[in-house]
Amino acid sequence: MAEEAGMAQTAVTQATVAEVMAELAGLEDPKMREANEKRGDDHGVNLSALRAVAKRPKTQQELARELWATNDTAARLLAILLCRPKAFERGELDTMLREARAPKVHDWLVNYVVKKSPHAEELRVAWTADQDPVLASAGWALTSERVAKKPEGLDLAGLLDTIEAEMKDAPDRLQWAMNHTLAFIGIEHAGHRARALDIGERHEVLKDYPTPPNCTSPFAPIWITEMVRRQHAG
């Protein structure tokens with residue numbers, strides 16, 4: 001009886017996955033896919049529509065795992081919205097990140113799942129030291145989170161040493177993540193602010209990044225200065 005119940009549950013899950021995949025296919029927009037592919041994201045589903053789909057099934061861990069296994073980018077984004085972050089084992093999250101080569105899947109997995117996981121600190125340490133710059137960028141993203149919210153125990157001066165030595169020549173995604181850590185150190189920790197500003201000024205990373213009106217530049221000296229100004233104004 002237990003085996004029959006398990007088979008029935010599997011059948012329900014598979015049917016649900018098929019239905020969800022069909023719905024995602026119906027939401028596909030060729031123009032949106034073309035725009036997304038320029039950023040390395042191979043899907044054409046509007047993210048607002050994707051979030052609307054996620055609201056209906058609520059949290060479903062098994063469905064999320066099944067959707068992830070499809071290797072479809074839109075399905076993986078939906079899986080991230082449906083999953084229970086604390087239900088994943090450390091090794092499972094490590095494998096998922098190594099599989100998540102689409103930038104949006106990578107970003108959502110780190111921000112919506114790993115940051116809420118009890119394994120976040122272990123993964124932060126392991127990924128930061130990884131030779132794969134995509135994995136290392138996830139480690140630096142988690143480091144930025146700690147710098148801002150739980151800096152106790154972090155060697156901020158040591159982080160600045162590494163950023164100073166490696167950020168300028170780092171691959172784009174890793175450089176972006178290290179720059180975030182640089183900015184967060186400067187914004188949140190007054191004792192290290194002058195050095196963070198100096199590193200940013202000398203390296204000029206993202207100095208010419210196109211920034212829309214009413215948005216703050218990711219160039220660290222501008223970012224730090226503006227956020228500190230807002231803190232004092234508030």
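Analyst: One definition before the details: buried means under 20% relative accessible area, exposed over 50%, and partly exposed in between, with a 1.4 Å probe and protein chains only. This is a predicted model, in which local features need pLDDT of at least 70, side-chain atom pairs count only at pLDDT 80 or more, and totals for chains, interfaces and linings use all residues. Residues are numbered from 1 along each chain as its sequence is written, and side-chain values use heavy atoms, with hydrogens and water left out.

User: Which residues are buried in helix α7?

Analyst: In α7, residues 103-113, the buried positions are Pro103, Val105, His106, Trp108, Leu109, Val110 and Val113. Helices (H or I, at least four residues) and strands (E, at least two) are DSSP runs, numbered from the N terminus.

User: What do the buried residues of α7 pack against?

Analyst: They pack against α3 (47-55), α4 (61-69), α5 (73-82), α6 (90-99), α9 (133-149) and α11 (172-188). Contact here means heavy atoms within 4.5 Å.

User: And the largest nonpolar core: how many residues has it?

Analyst: It has 36 residues, and those with the most contacts inside it are Leu67, Trp68, Leu78, Leu109 and Trp127. A nonpolar core is a set of buried Ala, Val, Leu, Ile, Met, Phe, Trp, Tyr and Cys residues joined through side-chain atoms within 4.5 Å.

User: Which element gives the most to this core?

Analyst: Helix α5 does, with 7 residues.

User: What is tryptophan 68 in contact with?

Analyst: Leaving aside neighbours within four places in sequence, tryptophan 68 touches Arg76, Ala79, Ile80, Met96, Glu99, Ala100, Val105 and Leu109.

User: Where do tryptophan 176 and tyrosine 209 lie?

Analyst: Tryptophan 176 is in helix α11 and tyrosine 209 in the loop between α12 (193-203) and α13 (220-233), so the pair ties together parts that are 33 residues apart in sequence.

User: What about phenylalanine 184 and tryptophan 223?

Analyst: Those two form an edge-to-face pair, 5.8 Å centre to centre with 80° between the planes. Phenylalanine 184 is partly exposed at 23% relative accessibility, whereas tryptophan 223 is buried at 14%.

Technical notes
Rings of Phe, Tyr and Trp (its six-membered ring) pair if their centres lie within 6.5 Å; planes under 30 degrees apart count as stacked, over 60 as edge-to-face and the rest as tilted.
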